Amino acid sequence: MSGIGNDVVALLAIDVDRTIQYRFYSKIIVDSEKLIYDQSLASSLPFEYFVWLAWSIKESAYKCLQRYQHDLVFSPSNTLISEVNLPGIFHATPSEGIGFDGAPVCKAKVNIGHHQFYAITVLNKEFIFSIVSNNNNFADTYWGIKKIGSAEREDQSLEVRNLLFQKLHDLYPADQFRIEKSIFGFPVLLRNGTDSDIPVSFAHHDHFVGYAFVLGS
Amino acid sequence: MTREEILDELKSVFAPYTTNKEMLANINDQTDLITDLKINSANLVDIIIDAEAKYNIEIDYDSADKMINVGSCVDVIAEKLKQK
């Protein structure tokens, strides 16, 4: 069984001055994570990017686990990131893929209690897009991210579904897909009217939307 | 402050982060910040910081984790005000 969670942060929509204030970032990262930044990332990554990188990883981990632990409460301070491997900020990143072989990405580990997850993040100057799974092998993870014209919630929701359905149509042209929300809030992908058992996750922020799903889980 | 007064004042804290003005005008304890007010999760920390500034209180990790609907926000703020 592979779970999946994703999140996107539109970097043009963040408040940089606010993000770098202790009062703000201390609600997202803890001392051990600040230490990771100070010791290994400070020379290559603006601090505000790191704060939102941490947020996107933590929110993705929450979405991944909440699918199975329905009463889970999102708690950034109890979602701990370790072993961050970030080659740098990238000027050109792919907008979709299957897995991340060869793609310039950030890798990290993240824990919620005794649950360990693996995070992959696509990071450039426009957005931070994270995917988290309990499986360290992302070879069967399909993902896509798109810049859209509207930042309205209804448009984000429509666009991200269309993006997913286009990919699914490419893969399974004969099948009909639909999304329903479970009573616990996570998306359920229906294939020809029945639960596909394909874990899928959606994310949106400002003018960016993104999806991730796992086949063969 | 009464719970009703805090709830009413919270509308101005939520306002910059929601476009659902009709729902905002009619919030109650059960109103969910994300699913009902359509507030992006990335703005939840903004709301906590703004509430801290408005009431001159400090909201710790555990309390912040509870602030997922209007009722829990009011509870946390009321408790912190009582501790001042």
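Just after helix α3 of chain B, Asn56(B) takes a positive phi of about 50 degrees. Keep in mind that this is a predicted model.

Which residues of α3(B) are buried? They are Leu44(B), Val45(B), Asp46(B), Ile47(B), Ile48(B) and Ala51(B). These buried residues pack against α1, α4 and α5 of chain B, and also against α2 of chain A.

Here are the helices that the buried residues of α3(B) pack against:

| Helix | Chain | Residues |
|---|---|---|
| α1 | B | 3-14 |
| α4 | B | 61-66 |
| α5 | B | 70-83 |
| α2 | A | 22-25 |

Now let's turn to chain A. Here 5 strands form an open sheet with antiparallel pairing, in the order β1-β6-β5-β4-β2. Why is one side of β1(A) and of β2(A) left without a neighbour in the sheet? Both strands stand at the edges, each with a single partner strand, so one side of each has no neighbour there. From one strand to the next, the twist averages 25 degrees.

Take a look at one pair inside this sheet. Strands β5(A), residues 115-123, and β6(A), residues 127-133, pair in the antiparallel sense over 6 bridges. Tyr118(A) has Ser133(A) in β6(A) as its bridge partner.

Helix α4 of chain A, residues 47-66, packs on the sheet and touches β1, β2, β4, β5 and β6 of chain A. The direction of α4(A) makes about 150 degrees with that of β1(A).

Terms used:
Residues are numbered from 1 along each chain as its sequence is written. Chains are lettered from A and ligands numbered from 1 in the order in which they are written. This is a predicted model: local features need pLDDT of at least 70, side-chain atom pairs count only at pLDDT 80 or more; totals for chains, interfaces and linings use all residues. A residue is buried if 20 or more other C-beta atoms lie within 10 Å of its own, exposed if 12 or fewer, and partly exposed in between; C-beta atoms are placed from the backbone. Helices (H or I, at least four residues) and strands (E, at least two) are DSSP runs, numbered from the N terminus. Two residues are in contact if their C-beta atoms, placed from the backbone, lie within 7 Å. Two strands pair if DSSP finds at least two bridges between them. Axes are lines fitted to C-alpha atoms, for helices over the stretch in contact, and angles run from 0 to 180 degrees between N-to-C directions.
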